[in-house]
Amino acid sequence: MKVSAAAVALAFALVLANFADQSHGALQGGFYKGKCNVDVEKIVSDIITPLVGQKPWITPALLRMQFHDCFVNGCDASILLDGSSSEKTAIPNQSVRGYDVIDLVKAAIEKSCPGLVSCADVVVMATRDAVAASKGGWYSVQTGRRDGLVSLAKNVNLPGPSISVENSAAIFNSKGISIEDMVYLLGGHTVGVTHCSVIKNRLYNFNNTGSTDPTMQPALAFFLKLKCPQTSTVDNTVDLDQGGSSFVIVGEPTSEIVDNSFYKQIVFRRGVLGIDQALALNQLTKDTVNKVAFSSNDYFLTKFHQAMVKLGAVEVLTGTQGEIRKSCRAINQS
């Protein structure tokens with residue numbers, strides 16, 4: 001049976017229409033191009049890049065903020081909302097910083113493009129630019145997210161610093177993120193600090209043994225005990241990436257640079273957090289860790305960038321879902 005050219009054209013048009021319906025509201029690169037008379041991403045970069053030069057803590061702060069946001073209700077900027085029982089008030093989020101940085105960027109965008117750019121997209125773009133400003137390379141991010149309307153502390157369920165690899169992998173998998181990408185994302189610990197209170201159990205009473213975690217390199221344990229005395233009332237900070245920061249130096253100090261030094265450290269049992277060290281020892285993850293540790297830095301950055309893009313796509317609101325907040329700290333008043 002012959003099929004007319006018109007019928008073929010009609011069928012093809014229906015396929016295209018169906019595809020368009022399926023992709024409606026999806027994230028895309030350059031979502032804001034042509035929607036505003038300024039380059040939105042340039043506004044973000046022009047603010048974040050010099051700020052990171054002045055305040056290197058911004059990079060780990062924004063990496064943590066994006067992770068904490070995306071793992072609770074998806075990447076919808078719900079972590080930014082103020083309120084007596086909002087996500088900000090949950091114990092894991094009480095040490096999150098950088099809200100004022102997002103406010104600064106959002107205010108600058110609103111001056112040129114009012115009501116157009118979501119706070120959720122601001123978080124993702126600002127984090128990308130902070131990574132780039134910390135020598136972690138620039139990568140393209142998708143935009144088009146919308147902001148959530150709900151933020152509740154009771155919804156916050158984040159993997160803790162002592163979680164097992166298996167339990168962490170299960171949480172990441174529930175968000176559609178593979179165990180390999182989990183390893184790459186935890187490479188964000190190449191920058192930033194933790195507090196002594198978080199690691200004292202590894203130093204002094206691991207699993208209620210009254211001893212140090214045997215997986216920790218003795219030289220590192222000695223150094224960390226100097227930083228974190230058992231009876232101290234001061235909660236000092238410790239670099240998560242111990243490259244070049246203690247008596248046994250493995251590489252140059254890189255605690256303010258996004259690079260693969262973190263993986264080299266955990267291979268030599270110099271992980272500060274329990275989950276970090278476990279990555280290098282667990283059968284599920286150690287091959288990925290070794291691959292990153294002993295490959296070029298560019299290899300890690302490529303994998304890290306790809307994983308960050310995947311993180312930014314977790315359970316997003318698009319199309320007509322949610323809203324575009326005027327202030328990142330409050331839902332719009334109708």
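These questions and answers walk through a predicted model of one protein. Residues are numbered from 1 along each chain as its sequence is written, and side-chain values use heavy atoms, leaving out hydrogens and water. Local features need pLDDT of at least 70 and side-chain atom pairs pLDDT 80 or more, while totals for chains, interfaces and linings use all residues.

Visitor: How many helices and strands does the protein have?
Guide: Helices (H or I, at least four residues) and strands (E, at least two) are DSSP runs, numbered from the N terminus. By that rule, the protein has four strands and 13 helices.

Visitor: What share of the 334 residues is buried?
Guide: Buried means under 20% relative accessible area, exposed over 50%, and partly exposed in between (1.4 Å probe, protein chains only). Of the 334 residues in the protein, the buried ones make up 46%.

Visitor: Where does helix 2 meet helix 5, and which residues of helix 5 take part?
Guide: Contact means heavy atoms within 4.5 Å. Helix 2 (residues 40-54) brings Val40, Glu41, Val44, Ser45, Ile48, Thr49 and Val52 to the meeting. Ile48 touches Ala126, Asp129 and Ala130, among others. The partners in helix 5 are Met125, Ala126, Arg128, Asp129, Ala130, Ala133 and Ser134.

Visitor: Are helix 2 and helix 5 oblique or parallel to each other?
Guide: Axes are lines fitted to C-alpha atoms, for helices over the stretch in contact, and angles run from 0 to 180 degrees between N-to-C directions. Here the axes come within 9 Å and cross at roughly 45°. Angles under 35 degrees count as roughly parallel, over 145 as roughly antiparallel, 65 to 115 as roughly perpendicular and the rest as oblique. Helix 2 and helix 5 are therefore oblique.

Visitor: How do helix 6 and helix 7 lie to each other?
Guide: Helix 6 (residues 165-174) and helix 7 (residues 179-186) pack with axes 9 Å apart, at an angle of about 100°. That makes the two roughly perpendicular.

Visitor: Why do the buried residues of helix 8 line one face?
Guide: The buried residues of helix 8 (residues 196-204) are Cys196, Ile199, Arg202, Leu203 and Tyr204. An arc is that of the directions from the helix axis to the C-beta atoms. These residues line one face because they fall within an arc of 160°.

Visitor: Which exposed residues sit on the face of helix 9 turned away from its buried side?
Guide: Leu220, Ala221, Phe223 and Leu224 are buried in helix 9. They cover an arc of only 165°, which puts them on the same side of the helix. They pack against helix 8 and strand 4. The face turned away carries Pro218, Phe222 and Leu226.

Visitor: Is Asp213 buried or exposed?
Guide: Asp213 is in the loop between helix 8 and helix 9. Asp213 touches Arg202 and Phe206, not counting residues up to four places away in sequence. Its relative accessible area is 5%, so Asp213 is buried.

Visitor: How many Å apart in space are Asp213 and Leu203?
Guide: In sequence, Asp213 and Leu203 are ten residues apart. In space, C-alpha to C-alpha, they are apart by 6.4 Å.
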